[in-house]
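The entries follow in the order in which I made them.

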Amino acid sequence: MKVDDIKRICVVGAGTMGSQIAQQCALSGYDVVLNDVNDELLAKSIAGNRAILTRRVDKGTMTKEELEAALGRVAPISDLEKAAGEADFVFEAIYENRQAKRELFGKLDEICPPHTILASNSSTMVISSLVEGIKRKDKAANTHFFHPVLVMKLVEVVKGQWTSEETAQICYELAKRIGRTPIMIHKEITSFVVNRILAKLSQEAFWLAENGYATPRDIDTAVKLGLGHPMGPFELADFSGLDILYNARQQRYKETGEEWVKPSQLLIDLVQAGHLGRKTGKGFYDYEKK
Ligand SMILES: NC(=O)c1ccc[n+]([C@@H]2O[C@H](COP(=O)([O-])OP(=O)(O)OC[C@H]3O[C@@H](n4cnc5c(N)ncnc54)[C@H](O)[C@@H]3O)[C@@H](O)[C@H]2O)c1
């Protein structure tokens, strides 16, 4: 198969990531089927995409006709068999739960035509740990997008232990076709490149704050002005959700036993108090005051 043979894309999981992966593909002219467990979630996802694209129309960067055409290319279908039955390429973007992902890949292996490529958007789990039980192991890879997908250009394409060169190249080319910038990770490693680097940076930032060397606000200022990052590690943690960060660290600790990756007490205290960042109005910063 070649990237030109991809006509129909299916995205499974219409949450934060899947909704926008589907929309980004449609904006690039692909016919996309978006799947989730029920029609209400799909309707919410489509409404969210409409709201985002409407802002582009308001700013004059997109016409109303382009908006309707791009939304019209995403078909919401809650029946997985109908959604994935004719797909040439499937992006998996369901919860970060290994068992759920493994079951889904098993079903997709049964439902999809033999040529279909299956790609996971997991933030941490390598593809070989998700597709052990399926037949088309060579046609599976990680394609890791960043939040928010409609804005963030990077896609990490990760070649798993069974991924064929052809599959990896098709994932890479498809990412380019949908207006993203891929990087190729040639050997699979949990959490890939960006999140591994970020984890080290943010763990150091947490350690400095926890031990009273500097406040989270000053550390954020230092990272922004001294390293040129657009956000400091604490701002970014609030933006992504402290529960997400906590779970990612727990998961990686469980998998690797690396002591340094354990969630810091500062993070545990905030999560236990229900302060999860922007989405709850409070995290390292207080968003309700603004
Ligand atoms: N949120 C982020 O910043 C981010 C960034 C990069 C990667 N990721 C990864 O992307 C994936 C999705 O994350 P998210 O933040 O979009 O999650 P989310 O919770 O917003 O959405 C997950 C969606 O999957 C649906 N779902 C669950 N099981 C399903 C099934 N069997 N079939 C169909 N739909 C199902 C849920 O109903 C939900 O709508 C995860 O693997 C996550 O690690 C997340």
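Entry on charge pairs. I began with Glu258, which forms a salt bridge with Arg252, the closest N and O atoms lying 3.3 Å apart; the term stands for a side-chain nitrogen of Lys or Arg within 4 Å of a carboxyl oxygen of Asp or Glu. I noted that this is a predicted model, in which local features need pLDDT of at least 70, side-chain atom pairs count only at pLDDT 80 or more, and totals for chains, interfaces and linings use all residues. Residues are numbered from 1 along each chain as its sequence is written, and side-chain values use heavy atoms, with hydrogens and water left out.

I then looked up how covered the two partners are, taking buried as under 20% relative accessible area, exposed as over 50% and partly exposed as in between (1.4 Å probe, protein chains only). Arg252 counts as buried because its relative accessibility is 5%, whereas Glu258, at 21%, counts as partly exposed.

By the stated rule the count comes to 15 salt bridges.

Entry on helix packing. I looked up helix α7 (residues 194-210) and helix α8 (residues 216-227), which pack at an angle of about 140 degrees with their axes 9 Å apart. Helices here are DSSP runs of H or I with at least four residues, and strands are runs of E with at least two, numbered from the N terminus. The axes are lines fitted to C-alpha atoms over the stretch in contact, and the angles run from 0 to 180 degrees between N-to-C directions. I recorded α7 and α8 as oblique to each other, since angles under 35 degrees count as roughly parallel, over 145 as roughly antiparallel, 65 to 115 as roughly perpendicular and the rest as oblique.

Entry on a loop residue. Lys139 is found in the loop between β5 (117-120) and β6 (140-145), and at 23% relative accessibility Lys139 counts as partly exposed. I also noted that Lys139 and Ile170 are 31 residues apart in sequence and 9.9 Å apart in space, C-alpha to C-alpha.
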